[in-house]
Amino acid sequence: MGGKSPISIITDQDAAMRAAIKREFPDAVHRNCLFHIMTKAEQKGGNSFARDKELARCFYDVIYNSLGISEFKRLWNSMMDKYKVRHIKYFNHMYEIKDRFVPVYFKHCFFPFIQSTARSEGTNGIFKDNIGPTSSAITVLQEYDRIVQGMDHKCNEQDKNKSQDIPNLYSEYVFERQARELYNIKIFYKFQQIVKDIGKYMIDEEVPGQKYVVYKSPEHAQQDFRARKYLVVVHEPSELYHCICCKFQKDGIVCAHVLRTVVRMNKSSLPEKYFIDRWRPNNKKHIRNTEAVQPEELIQSNRLLRYNILSRKCVQLASDASQDVERYKYVIGQLDKLSKETNNIPIRQMPNLPNNVDNNHPSSSAISNINRQRSNCSSAENLRPTSHQDSHEQTDTTLELVSRQSTVQETSRTQQQTFDALAVANNTTSTTNDTHEQVSQQVSLNSRPTTNIAATTSQPSSTVQLSNPPVLKAKGRPSTGGKKKRLMPIAEIVRKTNKITCSHCQSNEHNIRTCDQRDKDPVPKKKQKQSHNRTTKAKDNEAPQQATSAMKKQHS
C-alpha cells in the first residue's frame, strides 16, 4: 500500500483478525460488522420480537439513533427492564462488546456511508461469478482486468457526466449550487436529499450566534420511535459548525441540522472546507512518462513498478538479441558495462518506506531481508534464481537453436553467460507469467498466446512453441449411479438437442412466449416413444404366432 496504513477497518468477529490488526495497524480504528451482529440478534431474540413489536422498534432506535454513549447505556438498560429480555444471553453479549459495533462509539471516526462488510462481500461476489476452482492464472488475470475496467468506467461516469447532464436544483440555496459544482454526481444526490430534509426541522436559539437546538416538527416526529433534539455549536469568526450527530466527521458531508442552522443565521453559502476533496471529481491529468507510459509520480514513488518495467524491457531485449550470435555478444558486453555504471550510482532512500524502523519489531527482519534482496537485483551475478526450472529448460533449448553451428562446449558456455544476463526477466515474482509472452514483436498484458522462436541459421528453420501450462478439465456433475439418468436443467437439454418445442401448439419453430395460436385450444403432446414401444412389442408378439401357424400347416 505504498507505506500507508489504513485508518478504518471493518471485519467480522474473528479473534485472529482482530489480534493481527491490532498488532500490524495499531493506529487504525477497527470495528465489527453491524449487519452480521444485528442479523444474529434477530435470530436469537426472534420469539421476543414476535411477541412485542415495540421491542423491535426500541431495539433499532437504541442501536442506530443514540447520540451519546451515556444515552445508549441508559436506553439499553431501560429497554432490558421494560421488555424483560435480560434472560437472552446474546443481548448480554452484545452489551459486553458494545464498543466494537455500536455506531455511537465510532461517530468521530471516518466510516463514509458504511457500517458493514457489504462492500468487500460484494466485490468477492463479483469475482466469484466468473472465476472457478479450475480457472487458470491467465483467466483470473483477464477477468480481474475486465472487472477493474468496469469499476473505473463507473467511477469516471460519476465524475464526467456533469458535462453531459447537469443535475437539477431542488431549492434556491447557494450551498446546493456549491455542492453541484464541487461534488461528484453521486455525492451531490446524497447532499440534495439532505437539503430536502431541511423542511422537516424546527430550530430554537439558546445563545445568539453560538448555540442552536434543532428538532423535528411534531408532524414529522410522529413516525419516529423517540423524539430527539440536536445541539449545534457555532463559532462565527472562524465559520465552524459542530453538530452532536457528527455526520461530517463520519461521512465527510454536512447534516441537515447544520444546514438548518445556516439558514436560521441568514447565511446563503457554506465555507469551502466543508466540501472535502474526497468527494470531488478526480483530476485525471497525470504527467506520464513517454517511455514507460506510466504516471511520473507512480514511477518515482513505487519501486516495484520500476522493477516490473525494467523486467519487461529486458525480456524484449533478450528475445531480440538471442536471434543472432553477433547480437548476443554485443548485448553481453553492453550489459557488463551497464552493470558497472549502474552500481556507481548511489541509491537514495525510498520515499514510500518509513524512515525509522524498529529493529525489535517482528516484521523488521523480514523487511530488511526484502530490501536486501531487492538491492541485489542491480547486479547480474547475484540474480541466479533457485526455482523456475521450467524457465531454465526453455532458455537452454532456445540457445541451442541460435548457436547450432558452434560446438557443444561453446554452446554450454554461452548458455551459462546468457542465463546470468537474462536472469532479471526470470527472477521477477510479481510477473511470473510474463516469461511466456510473445518474444518476437509484441508484448501483450491481457493475453499470452503461443510463442514461436525461430533460429536464424543456414540449416532449415525449426521452431519451439512455448504454450500455457495445461489446465485440468472440470470433473462435471457427479452421476447419480445405477440406471437412473442425471437430472439436467432445461437450458442444458435445449443446448444438447438444439431444438425447442412450444408447449401450446407443439411447434418446433418457436416457444410459448412467441406463439401466435394461444387463443386456440392447446394441441396435445405427441407420444412418439410410447407408440413406438407398443408397436415393437406387438411385432414381437406376432412373430412367434406366425411361426407356430406355419409349423402346423407343414405337419398337416
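Modeller: Helices (H or I, at least four residues) and strands (E, at least two) are DSSP runs, numbered from the N terminus. Thr117, for one, is found in the loop between helix H6 (89-96) and helix H7 (118-130). This is a predicted model, where local features need pLDDT of at least 70 and side-chain atom pairs count only at pLDDT 80 or more, while totals for chains, interfaces and linings use all residues. Residues are numbered from 1 along each chain as its sequence is written, and side-chain values use heavy atoms, with hydrogens and water left out.

Colleague: Okay, is Thr117 buried or exposed?

Modeller: Buried means under 20% relative accessible area, exposed over 50%, and partly exposed in between (1.4 Å probe, protein chains only). Thr117 comes out at 11%, so Thr117 is buried.

Colleague: Which residues does Thr117 touch?

Modeller: Contact means heavy atoms within 4.5 Å. Leaving aside residues up to four places away in sequence, Thr117 touches Ile10, Thr11, Cys33 and His36.

Colleague: How many residues of helix H12 are buried?

Modeller: Seven of the nine in H12 (residues 256-264), so the helix is mostly covered. Among them are His257, Leu259 and Arg260.

Colleague: And what do the buried residues of H12 pack against?

Modeller: Helices H9 (174-182) and H10 (185-196), plus strands E3 (201-207), E4 (211-216), E5 (229-235) and E6 (240-243). Just after H12, Asn266 takes a positive phi of about 60 degrees.

Colleague: Back to E5: how is Leu231 classed?

Modeller: Leu231 is found in strand E5, and its relative accessible area is 34%, so Leu231 is partly exposed.
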